[in-house]
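This report describes the packing in one structural model. The sequence and coordinates come next.

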Amino acid sequence: MRKIILFTALSLFTFAALQLGLSRYLQRRVADGTWIESVASKSELLSQRPDVRLILLGTSTTQNHFNTNWMTNQGLSSFNFGLPGRYWEDFPSIIDSFRTSRASHVMLSLSARVFLYPVSCPAFRTLYDVTFFYRLRGLECWRKFNIKHLFPLYSDWPFIGEVFRPTKDYFATTLLRYKTDLANDPRLVNYVRGNNDRSVVTYRNGDGAVFSDSVAQAPAESVQLRLIDKRKWPLDPEALRFVTALGREVEAQGKKLIINLEPRRANETILINVELLKNALGPSVLVLTNHALTIPRENWADFTHLKPAAAQVYTELVTCQLKHPDTPPSCQTFLEKLASVLP
Amino acid sequence: MLFNSLEFIFLFLPLVVGGYYLLVSRGLHRLVTPWLFLASLFFYAYWEIRFLPLIAFSITTNYVFGRLITRQGRYSQAFFISGAVFNLALLVYYKYSSFSSVAVSQVVLPLAISFYTFQQISFLADCRRLKTAPYSFIDYGLFVTFFPQLIAGPILHHHEFMPQLLTKETRKWHPPHFVKGLNLFALGLFKKVVIADQLAAFANIGFQNIEQLGWLDAWLASISYSFQLYFDFCGYSEMALGLSLFFNVQIPLNFKNPYRARTIQEFWAGWHMTLTRWFQDYLYYPLALPLLRSKSSRFFHYIPHMIVFILIGMWHGSGWTFLVFGGLHGTALVLHQEWRRQRLRLPPLLSWSLTFIFVNGAWVFFRAPDLTSALNMLTAMLGGKGPGVGDALASFFDRINFDPLMVPASGESFATLSSLVVIICALVVALTWDDGKPSLSIFRGAILFGLSLFAMTITQQSPFLYFNF
């Protein structure tokens with residue numbers, strides 16, 4: 001019996017020591033100015049930015065569409081919490097990780113499409129997500145609970161190789177012509193991933209960018225813009241309940257919520273009844289309606305991400321909208337710029 | 001449910017083991033077998049509930065056949081043949097239908113069907129030979145579904161499991177067994193989640209991009225797969241051994257250091273031993289003994305070898321690649337027999353290298369999606385594709401520096417220092433750690449277990465490779 005107790009204690013000690021070591025490794029790595037695309041890593045990065053007023057929360061589109069250095073230089077101190085491979089179902093625990101941040105606003109960038117369909121159970125669940133969804137939908141998502149989420153570090157850690165991968169990877173051929181631009185970018189390259197057709201660059205401040213010509217080179221018929229008009233459709237009540245619950249979580253932290261309806265895809269635009277969304281969220285929530293922007297195919301890197309030049313203009317547009325929420329025409333020049341083919 | 005899932009380790013296993021010893025301590029021995037049987041069915045259904053009726057049907061039918069055969073009536077032989085045909089028909093339908101027509105290739109392979117079918121055929125054969133004792137349906141059900149060995153073996157004989165199940169000694173608390181079980185489980189878990197799953201990354205990239213592979217990448221991919229398969233399956237088998245010991249049941253070893261083998265015969269004496277034992281007992285001897293007695297030419301003596309190895313290949317899957325895999329091993333074994341007859345000997349290092357290179361090459365057919373891909377991989381390994389040996393090595397040494405501005409010569413090469421280090425570690429473990437050795441120190445076992453738990457929380461869970469067979 002003594003041996004069994006010894007075995008249990010020793011293995012738990014080993015496990016805890018490794019968890020602690022990894023956690024420290026992550027902190028040191030972020031302190032050195034590098035991070036990986038995970039909630040834990042970005043949370044650590046955010047905790048080093050006490051000046052941040054605005055947190056941009058979203059998926060890969062958020063990570064790759066905003067230049068938060070530029071926004072900060074314009075007096076809007078921002079942090080990019082976009083995470084590739086995430087859906088808005090994963091946001092509850094991410095919002096919970098903002099508790100210690102002194103930011104005053106959280107901007108949620110979403111496709112308008114999400115408001116037309118019920119919310120799924122989150123793919124990357126923490127115990128917080130499970131309780132959040134339990135309050136909202138009962139036991140439905142409890143079934144997918146994984147005991148892994150009881151462990152101290154989030155289960156969103158990528159493959160172990162990713163964690164220990166050298167931060168400076170190689171530049172694929174798609175990036176060769178941008179080598180000088182990247183070397184001169186004040187955001188500094190964190191690492192590059194992808195292949196010869198598409199490269200994703202992450203910057204040390206939490207931003208990202210997609211370099212690709214796949215949409216420009218795709219057959220014209222596959223990129224033909226399809227307008228899906230759902231303005232006469234009711235919004236999904238479950239999706240509305242979910243977004244209002246997210247709003248309550250943000251408010252509970254003393255922050256204000258902003259919803260940014262983002263451009264959907266190079267070949268698809270969805271229109272929804274925005275008034276229904278505004279009514280559900282109430283007057284305190286600012287809703288930016290960028291989902292119906294006209295963006296030519298040449299400005300898209302792939303079907304869902306803008307090229308860096310277009311992303312810069314989009315950043316300027318959103319910054320303008322945030323600074324002048326009551327006078328949208330003042331941002332007209334950015335809209336026009338985005339509608340033209342950018343170099 | 002997977003052995004390498006936290007649900008299994010922290011919920012299912014403590015509940016089942018706790019329940020088992022609670023029943024034992026209360027003297028409720030009659031409930032012990034039903035408890036394990038129910039737990040095993042839950043374990044099976046947790047993965048895919050729709051196959052539960054199939055395994056239940058298979059168990060019930062075989063149980064009935066077994067009872068009919070043991071009566072030794074006039075139709076005993078007929079019942080045995082019917083039972084064997086029933087089992088093989090199920091296996092052929094679910095596993096080999098894709099060979100015959102496209103329409104039925106949509107049939108989904110039920111989990112563990114190859115394992116439990118073989119186990120039940122051997123049971124019927126043992127009934128026919130009067131080697132079985134009286135047993136109840138629940139006892140028989142547990143023999144087939146005992147969760148430590150249900151999904152991927154070891155393939156048990158009725159006579160090595162049932163007596164242990166029925167003896168009172170099994171239903172006692174034996175701390176030394178439990179500690180051995182913990183150590184073996186820890187060792188197997190480590191082999192699976194720390195070694196095999198890391199090698200999987202290189203093997204998968206390689207076999208998914210065979211067309212782009214150069215010489216070095218091809219070798220790294222194939223060797224990664226050879227070690228991945230070994231550590232994955234050997235790890236599973238050791239976990240099964242350890243889990244069984246929690247219930248004081250000893251099941252046979254499935255691996256005994258196959259990669260230390262210096263001949264192909266030695267390799268098969270240490271690789272998936274319970275499968276080769278099954279083929280030896282129920283196919284090879286019945287085929288070979290009459291031929292040996294008949295004093296026919298030596299050529300005829302080798303026919304059973306070839307049949308057995310082709311069927312071993314086919315047991316793993318219905319593709320032509322498995323057929324070639326079996327054929328290659330059968331041929332190698334025949335050549336080895338002839339070599340031995342000539343009393344020729346090779347230096348140990350050379351014979352080990354030749355055996356390993358052959359086994360590694362044959363695994364290419366085992367892993368590749370089709371024959372063309374397998375041949376392409378072998379061509380790349382022989383330097384017939386992509387950058388030559390010198391260029392590949394130069395590129396490899398370039399990548400060691402991880403130059404941030406480096407552009408790889410062709411695609412994304414994974415021939416880096418890290419992949420080489422992982423493979424060398426795997427080789428060292430394969431050659432120096434004894435398979436299934438329960439005398440691991442408690443410290444080493446606990447550290448391996450802690451390491452494995454850690455790896456499990458930061459990596460994606462992956463099923464065992466032999467779940468596909």
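## Basis and chain A

Two residues are in contact if their C-beta atoms, placed from the backbone, lie within 7 Å. In chain A, 69% of the contacts with a separation of 6 or more are between residues 24 or more positions apart. The chain has 13 helices and 10 strands; helices (H or I, at least four residues) and strands (E, at least two) are DSSP runs, numbered from the N terminus. Of the 343 residues in chain A, 42% are buried. A residue is buried if 20 or more other C-beta atoms lie within 10 Å of its own, exposed if 12 or fewer, and partly exposed in between.

The model is predicted: local features need pLDDT of at least 70 and side-chain atom pairs count only at pLDDT 80 or more, while totals for chains, interfaces and linings use all residues. Residues are numbered from 1 along each chain as its sequence is written, and chains are lettered from A and ligands numbered from 1 in the order in which they are written.

## Domains of chain B

Chain B is divided into domain 1 (6-172) and domain 2 (179-461), with bounds that come from an automatic or database domain assignment. The contact between them takes 23 residues from domain 1 and 20 residues from domain 2. On the domain 1 side, the elements that give two or more residues are helices H1 (6-25), H4 (76-100), H5 (113-128), H7 (147-150) and H8 of chain B.

## Nonpolar cores

A nonpolar core is a set of buried Ala, Val, Leu, Ile, Met, Phe, Trp, Tyr and Cys residues joined through C-beta atoms within 7 Å. The largest one has 134 residues, and B:Leu199 and B:Phe365 have the most contacts inside it. Helix H10 (residues 215-246) of chain B supplies the largest share, 21 residues. Both domain 1 (6-172) and domain 2 (179-461) of chain B give residues to this core, so it lies between them.

A second, separate core has 46 residues, among them A:Phe98, A:Ala239, A:Phe242 and A:Leu257.

## Helix pairs in chain B

Two packed helices are described by the angle between their axes and the distance between the axes. Axes here are lines fitted to C-alpha atoms, for helices over the stretch in contact, and angles run from 0 to 180 degrees between N-to-C directions. Angles under 35 degrees count as roughly parallel, over 145 as roughly antiparallel, 65 to 115 as roughly perpendicular and the rest as oblique.

The axes of H14 (residues 320-341) and H15 (residues 348-367) of chain B come within 7 Å and cross at roughly 160°, so the two helices are roughly antiparallel. H14(B) contributes B:Thr321, B:Phe322, B:Val324, B:Phe325, B:Leu328, B:His329 and B:Ala332 to the contact, and H15(B) contributes B:Phe358, B:Ala362, B:Phe365 and B:Phe366. Leaving aside residues up to four places away in sequence, B:Phe365 touches B:Thr321, B:Val324, B:Phe325, B:Leu328 and B:Ala374.

For H6 (residues 137-145) and H8 (residues 158-166) of chain B, the axes come within 10 Å and cross at roughly 125°; the pair is therefore oblique. The contact joins B:Asp139, B:Leu142 and B:Phe143 of H6(B) to B:His158, B:Phe161, B:Met162 and B:Leu165 of H8(B).

## Positive phi values

B:Asn257, in the loop between H10 and helix H11 (264-270) of chain B, has phi near 45°, a positive value in a residue other than glycine. B:Asn257 is buried, with 21 other C-beta atoms within 10 Å.

B:His272 lies in the loop between H11 and helix H12 (273-293) of chain B. Its phi is near 40°, also positive in a residue other than glycine, and B:His272 is buried, with 24 other C-beta atoms within 10 Å.
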